[in-house]
Amino acid sequence: MALVACSSRRKVNAGDPSSSWASLHEDLRVAAGDFRDYIRFRAVCPQWRSATTCPRRRGILDPRFHPRGWMLLPEGRGLHPGHGKLRGHVRSFHLSTGAIVRVRLPHFRDHCVLYSADGVLLLQRDHDTAIRLLHPFTGDTAELPPLETLLPRVRCRSEASRWCSLRNICGACISVGVGDGLVRVMMRPIGVWNICFATSGDQQWRVATTWDRINHRSSTLPFHGKLYVLLRPHSVRGEHEVIQIDPPQHCLSEPSPKLIAKFRWPTSDESFRLYSYRLVECNSEILVIGTKWDAVYYSVYRLADLMLGRTVHVTSIDGNALFIGRRSLCVSSKAFPTIVPDTIVMPDTKIYLSQYHLSNGTLSQATDGVIAEEKDIPGPYSIMCHIITCCSPAYWHK
C-alpha cells in the first residue's frame with residue numbers, strides 16, 4: 001500500500017468532494033497489503049487517523065486486521081520464544097517484503113507457541129494448557145479451551161509422545177462468526193486423526209465425526225479461514241481427494257467438509273507409489289506438490305487446474321521459493337537475495353538444505369555447511385535456515 005504524506009501547509013478537507021479524501025473507504029483495503037502499512041497510514045495525520053478504524057481490540061475479531069504474511073522467527077541456538085536471554089522480545093518477518101520487526105511479548109514467560117495462523121499466534125498456557133490466540137502487533141487475545149481436553153483422542157501410548165503429537169499442529173485456521181462475533185478455531189494436531197475445533201467460551205475441544213480418512217499422512221493447509229486437506233487414496237491406483245472444510249456456522253454445529261477435487265497422479269510407471277503429497281499456498285492460490293521419498297524429483301500443479309480435470313505442470317511460481325517442512329511456506333526471492341527464484345527448498349536427510357529448480361528439474365545445495373548437528377540445529381546461520389525452522393513449529397516450543 002502506497003503511503004502519502006499529509007502536508008501541514010494544506011489541510012485535507014474530509015467534506016470536500018473534489019479531494020481524493022472523500023473517496024477514501026474506511027477499511028482502506030487492509031487485507032490487500034501489509035498490516036504495518038495500515039498502521040503507518042493512520043499515523044500520517046489526525047484526519048486520517050480519525051477517519052479509520054483503530055485495530056486495537058479488533059486485531060483478532062476483525063479478519064481484515066490479521067497480520068497475514070508475517071511469520072514468527074525462531075532465533076536459533078536454542079533461543080526459543082520466551083527464553084530468558086531474549087528478555088521478552090520476539091522477531092517476526094514478512095514473507096513477501098523481508099521486513100523484520102522486533103516486539104516485546106511478555107506472554108511467553110508462561111506460554112509456548114504452537115502455530116501461526118494468518119500471523120495470529122496460537123499459544124498454550126503452561127499451568128493449565130489453555131489455548132490463547134495472540135495478535136503480535138496489537139496484543140489482542142482470545143481464550144479457547146485447554147489442550148488437555150483432547151488427550152483422550154490422541155493415538156499414542158506414552159504420555160510424553162501424546163503431548164508431543166498433540167502440540168505438533170499440522171494446520172490451524174481462525175474465523176469469526178458473522179452473527180455472534182465469536183472466534184472459531186479449527187486445527188489438526190498430528191496425533192488426532194481428524195479436525196479439532198472450538199469456539200471462544202467453550203469448555204473443551206471437540207473432534208469432527210466426518211471424514212475419518214484424515215490421518216498423519218494427510219496434508220492440511222489453512223486458506224482464507226478454511227482448512228484444505230489432501231487425502232491419500234485407499235489403493236495404489238486410487239484417486240487422491242482434496243476436501244474443503246468450512247468452520248462451524250454456530251456453536252452447536254460441526255465443521256462442514258465437502259469434496260472439491262479428485263485426481264490420479266499423472267505417471268507412466270509404478271514410481272508414484274513412492275510419492276508424498278502436500279498443499280501449499282502461493283500467490284493467493286493453492287498448489288499441490290508431489291515429492292519422491294528420495295527427494296530428487298518434485299512435480300507441482302495448481303489445485304484450480306486439478307479441480308477442472310487438468311494436470312498441467314507448474315514450472316514457474318513468479319520468482320518465489322517454496323520451503324517444505326511440517327508446514328510449507330511461500331517466500332519471495334525479491335525480498336531475500338540469497339533465495340533462488342522458482343525453487344523448492346527442503347532439508348536433505350536433515351543435514352543439508354537442498355533446492356529443486358522447477359525450470360529444469362535439477363537439484364542443488366541451497367546453503368554452505370550443515371544445518372543440523374546430531375539432533376539440534378546450532379544456527380541458524382542464514383535467513384534460509386531461519387525460514388526452514390519456521391516450517392517446523394516444534395522449534396518454537398520450550
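Predicted model: local features only at pLDDT ≥ 70, side-chain atom pairs only at ≥ 80, totals over all residues.
Figure 1. At 52% relative accessibility, C164 counts as exposed, because the cut-off for exposed is over 50%. Now turn to another cysteine, C282: is C282 buried or exposed? C282 is buried, with a relative accessible area of 3%. Its closest cysteine sulfur belongs to C330, and the two sulfurs are 3.2 Å apart, which is too far for a bond. A disulfide is a covalent bond between the sulfur atoms of two cysteines. To be counted here, a pair of cysteine sulfur atoms has to lie within 2.5 Å. By this rule, the count comes to 0 disulfides.

**Figure 2. The whole protein, for orientation.** Before moving on to the next close-ups, here is some context. The protein has 5 helices and 23 strands. Of its 398 residues, 53% are buried. The accessible surface comes to about 19100 Å², and carbon and sulfur atoms account for 50% of this surface. Look also at contacts between residues at least 6 apart in sequence: 46% of these contacts join residues at least 24 apart.

Figure 3. Why is strand β12 (residues 219–223) described as largely enclosed by the rest of the structure? The reason is that 5 of the 5 residues of β12 are buried. Both faces of β12 are covered, with S219, L221 and F223 on one side and T220 and P222 on the other. Strand β13 (residues 226–231) runs antiparallel to β12, and 5 bridges join the two. One of the pairings to find is F223 with its bridge partner in β13, K226.

**Figure 4. Strand β19 and two neighbours.** Strand β19 covers residues 320–323. N320 and L322 point one way from β19, while A321 and F323 point the other way, and all are buried. Which strands does β19 pair with? Strand β20 (residues 329–332) pairs with β19 in the antiparallel sense over 4 bridges. These two strands form a hairpin with 5 residues between them. Strand β21 (residues 343–348) runs parallel to β19, and 3 bridges join them. A321 is a handy landmark here: its bridge partner in β20 is V331, and A321 stands opposite T343 in β21.

Figure 5. I317 lies in the loop between α4 (303–307) and β19. Is I317 buried or exposed? With a relative accessible area of 3%, I317 is buried. Leaving out residues up to four places away in sequence, I317 touches C282, N283, L287, L322, D342, T343 and L358. Take L287 as an example: L287 and I317 are 30 residues apart in sequence, and their C-alpha atoms are 9.8 Å apart in space.

**Figure 6. A nonpolar patch on the surface.** Which residues form this patch? V296, Y297 and L363 form the nonpolar patch, and together they have about 230 Å² of accessible area. Y297 sits in the loop between β17 (285–292) and β18 (298–302). At 31% relative accessibility, Y297 counts as partly exposed.

Conventions. Residues numbered from 1 in each chain as written. Heavy atoms only, no water. Buried < 20%, exposed > 50% of the residue type's maximum accessible area, 1.4 Å probe, protein only. Pairing = 2+ DSSP bridges. Patch = residues over 30% accessible without salt bridge, like charges linked within 9 Å, V, L, I, M, F, W, Y side chains within 5 Å. Areas by Shrake-Rupley, 256 points an atom, 1.4 Å probe, with all protein chains shown as cover. Salt bridge = Lys/Arg side-chain N within 4 Å of Asp/Glu carboxyl O. Contact = heavy atoms within 4.5 Å.
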